[in-house]
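Here's a quick tour of a protein model, written for someone just getting started. Have a look at the sequence and the 3D view first, then read on.

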Amino acid sequence: MRSEYAGSQTVWDSEKKISTMDDDYLKYEYWMASLYKISDNRRRQGCLLAGGAKQMYVLSADQLKGMHYFSDEEIRYIDESRKTFDPERQWSGFLNRGIRFLPYTHMDYPDKLRHIYDPPFAVYVKGCLPDMSVKSIAVVGARACSEYGRSVAQMLGRMLAEHGAQVVSGMAVGIDSASHAGALSANGNTYAVLGSGCDICYPKSSANIYNNILAGRGGIISELAPGTNPLPQFFPRRNRIISALSDAVVVVEAKKRSGSLITADLALEQGKDVYAVPGRYTDTLSAGCNHLIEQGAGILADMDHFLKNTGVVSECRTKEMTIKINLDKLPLEKEERVVYSGLDFNPKFINSIIDETGLDFLTVLSALDSLKKKHLVQETFQNYFCKKL
């Protein structure tokens, strides 16, 4: 399709994949990517009509109006941006950031992302993108998660990484960070999609995860320009990228109304499988997961079946993953066995453990200390203990 505005330049095609990092091409795409007040789809279509981002940049306000596409407000916005955005200077400064810029037309723009509804005009990447030939599983859930949910998410991340799958999440506190941490503990590849620029670690409490992802073979991904601070409206939109880059989405814990359920809905719209970890009826953090199961989501109750169903492994060759540990095979003293059998994955106050076991304070304390050293029990808060996955 050739536009009257394209001049003698090569026609810009929305499906054309540019194979080279041509600065003259990229610096104008970089300008277009900065026009975030215009939707991704409208920017892509505008470039198609004009013949390319460079042609868009040189068109006068009257010529833009003559396209009969942009509104008067959008034309004013584009015109104002050209007064402050110098593509040459801005692009030169960007090149020193150690970040990859991949507009929609670049051949390295992820195909999984390209074909969703409303794909980002461009993505920015620190580190690597997920390998499209390798299974990727998103693990998401509540920020204010329970210790049980955190343990499950960490176990999931670790198990997926051990079987060669890539783990995708949003690096938020809680379930997201736990899944990244689990993958990293197995030296696996994990990818964080941020609701800020990829050069801004948010939340700051995830700094270790952010740095360890970049130190390994994973990556930090965002559709927002470097330097963009996190805002509430950015997070629901980034969820479509998390689901798009994944072959399946797992929700570990979620309230009835949560961003994790938005991710699950987007995954279903994109034709992806959704799984949920079931929880107790009375748990607020399980309401979202139980609702997903009621709506037809897969139940993650058996790791072997999950790995097979998602294609992570072709055969059931993983060891049986169960929440309960066979006490007969654990080298425990009598008191340790009594204390351990009275614990579960929800933290218990030490006084409750004393009441339930009938043991005295010093005996319980000694048993808990021994169980911690054997990595069977963890103290989540002062004097609160639970089993460790």
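## A short briefing

Ser286 has its place in the loop between β8 (273-276) and α13 (287-294). Those element names come from DSSP: helices are H or I runs of at least four residues, strands are E runs of at least two, and both are numbered from the N terminus. One thing to keep in mind is that this is a predicted model, in which local features need pLDDT of at least 70 and side-chain atom pairs count only at pLDDT 80 or more, while totals for chains, interfaces and linings use all residues. Residues are numbered from 1 along each chain as its sequence is written, and side-chain values use heavy atoms, with hydrogens and water left out.

- Ser286 counts as buried, at 7% relative accessibility; "buried" means under 20% relative accessible area, "exposed" over 50%, and "partly exposed" in between (1.4 Å probe, protein chains only).
- If you skip residues up to four places away in sequence, Ser286 touches Ala254, Gly279 and Arg280, where contact means heavy atoms within 4.5 Å.
- Ser286 and Val252 sit 34 residues apart in sequence, and their C-alpha atoms are 8.3 Å apart in space.
- Glu253 is found in the loop between β7 (248-251) and α12 (259-269), and Glu253 is buried too, with a relative accessible area of 6%.
- What does the side chain of Glu253 make a polar contact with? The partner is the side chain of Ser146, at 2.6 Å.
- A polar contact is a pair of N or O atoms within 3.5 Å; within protein, one must be able to donate a hydrogen and the other to accept it, and residues adjacent in sequence count only if both atoms are side-chain atoms.
- Leaving aside neighbours within four places in sequence, the contacts of Glu253 include Gly141, Cys145, Tyr148, Ile175 and Leu285.

**The nine-stranded sheet**

- Nine strands make an open sheet with mixed pairing, in the order β1-β2-β6-β5-β4-β3-β7-β8-β9; two strands pair if DSSP finds at least two bridges between them.
- Its edge strands are β1 (100-103) and β9 (298-299), each pairing on one side only.
- Strands of a sheet pair through backbone hydrogen bonds, either parallel or antiparallel.
- β1 and β2 run antiparallel and are joined by four bridges, with Leu102 opposite Val123 in β2.
- Strand β2 (residues 122-127) also pairs with β6 in the antiparallel sense, over four bridges, and Lys126 has Ile220 in β6 as its bridge partner.
- On to strand β5 (residues 190-193): it runs parallel to β6, with three bridges between them, and Tyr191 stands opposite Gly219 in β6.
- The chain gets from β5 to β6 through helix α10 (residues 207-215), and this β-α-β crossover is right-handed; that is, with the strands pointing away from the viewer, the path from the first strand over the helix to the second runs clockwise.
- In strand β6 (residues 219-222), Gly219 and Ile221 point one way, Ile220 and Ser222 point the other way, and all are buried.

**The three-stranded sheet**

- Another open sheet has three strands in the order β10-β12-β11, with antiparallel pairing.
- Here the edge strands, each pairing on one side only, are β10 (348-349) and β11 (377-381).
- Four bridges link β11 and strand β12 (residues 384-387), and Gln378 has Cys386 in β12 as its bridge partner.

**Helix α5 and its two sides**

- Helix α5 (residues 72-84) has 13 residues and reaches 19 Å from first C-alpha to last, close to the 18 Å expected at 1.5 Å a residue; the expected span is 1.5 Å times one less than the number of residues.
- Its buried residues are Glu74, Ile75, Tyr77, Ile78, Ser81 and Arg82.
- Seen down the axis of α5, these buried residues fall within an arc of 160°, so they line one face of the helix (the arc is that of the directions from the helix axis to the C-beta atoms).
- Turned away from that buried side are the exposed residues Glu73, Arg76, Lys83 and Thr84.
- The cover over the buried residues of α5 includes α1 (23-33), α2 (40-50), α3 (53-58) and α4 (61-66).
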